[in-house]
Amino acid sequence: MKQKRWYDYLWIASSVYLVLGFFNILFAWLGLICFITPLLISIIGGSKAYCNKYCGRGQLFELLGGGFGLSLKMKPPRFLRSKWFRYGFLIFFMTMFLLMIYNTYLVFAGTDLREAVTLLWVFKLPWKWTNTSFVSPWIAQFAFGFYGVMLTSTVLGLVTMILFKPRTWCVYCPMGTMTQGICKIKYRKDKNNGTKSKTDSGVVENIGQ
Amino acid sequence: MITTKKKAEIAHQCVACGSCVKICPLNAISIHKGIKAVVNEQKCVGCGKCVAACPAAVICIVEMEGAKNEAKALV
């Protein structure tokens, strides 16, 4: 049995985040940590340490699907594992994210605040029980939009966790795809610059493909 | 006498999620530069736990035969 580290309990933070959003949508802003941290780790450190160690969502799926046995543990379909789907989903996800940013800008520019969380990019869930009057409307609008993004990815992750293997979400997670892409670019760049260490050579075949 | 040894082999389609690293009882797998998981052949005994855990289904157990080191895909 491997010794547990503090970061092995980050699934608690992910669960608390989802619950906090129900009480006050403004907590959704905390979710930016899950966007910025993996990007910084991959850009500066050139690794996927966030996915490998600190991703609370991945741990949550592992716990629910593996520990609690809620997963059928089937092999995910080939299309879900394909490069086309992974990068296609990343583009789609980023497009929807930019649309959400645009909606925030519209509210900033004077449009009325829409107190709803969009689930799976289609379903508008009324979310009027939160008092957001003490912040600027655009701050609240971003929170609604961002919480929708987080909730949508959690629902998708849970569905694929149940149907396939616990961490199937990790296969097409936009952040995972993006950070792996950054790591590949960084690796190629370092290799071209001749900074590839001697220990790297010959260790990994087909790397960066 | 020809000796055989089982070991895990990871395809380049690996998404580097780290599921295999966590499950490996012998710490034989690591993520190389955030790109792909790599197996330490000295440590790996081919138990197959990583195969079951991998959500991308890119790991298989191969059998290495004798000095020639020829790998034969089993899964």
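Predicted model: local features only at pLDDT ≥ 70, side-chain atom pairs only at ≥ 80, totals over all residues.

Guide: Chain A has nine helices and two strands, and their order from the N terminus is α-α-α-α-α-α-β-β-α-α-α. Of its 209 residues, 33% are buried.

The helix to follow is α9(A), residues 174-192. Within chain A, α9(A) packs with α2(A), residues 33-45, at an angle of about 15 degrees, and the two axes are 9 Å apart. Angles under 35 degrees count as roughly parallel, so α2(A) is roughly parallel to α9(A). The crossing of the two helices is right-handed. On the α9(A) side, the residues that meet α2(A) are A:Met175, A:Thr179, A:Ile182 and A:Cys183. Their partners in α2(A) are A:Phe35, A:Pro38, A:Leu39, A:Ser42 and A:Ile43. By class, this contact has seven nonpolar residues, two polar ones and no charged ones.

Now the contact with the other chain. Here 27 residues of chain A are in contact with 18 residues of chain B. Three helices of chain A, α3 (49-54), α8 (169-172) and α9 (174-192), each supply at least two residues of the side that touches chain B. Of the elements of chain A, α9(A) gives the most to that side, with six residues. The side of chain A that touches chain B has nine nonpolar, 12 polar and six charged residues.

Definitions and conventions. Residues numbered from 1 in each chain as written. Chains lettered and ligands numbered in written order. Contact = placed C-beta atoms within 7 Å. Helix = DSSP H or I, 4+ residues; strand = E, 2+ residues; numbered from the N terminus. Nonpolar A, V, L, I, M, F, W, Y, C, P; charged D, E, K, R; others polar. Axes fitted to C-alpha atoms, helices over the stretch in contact; angles between N-to-C directions. Parallel < 35°, antiparallel > 145°, perpendicular 65-115°, else oblique. Left-handed = near helix turned anticlockwise from the far one by under 90°. Buried ≥ 20, exposed ≤ 12 C-beta atoms within 10 Å, placed from the backbone.
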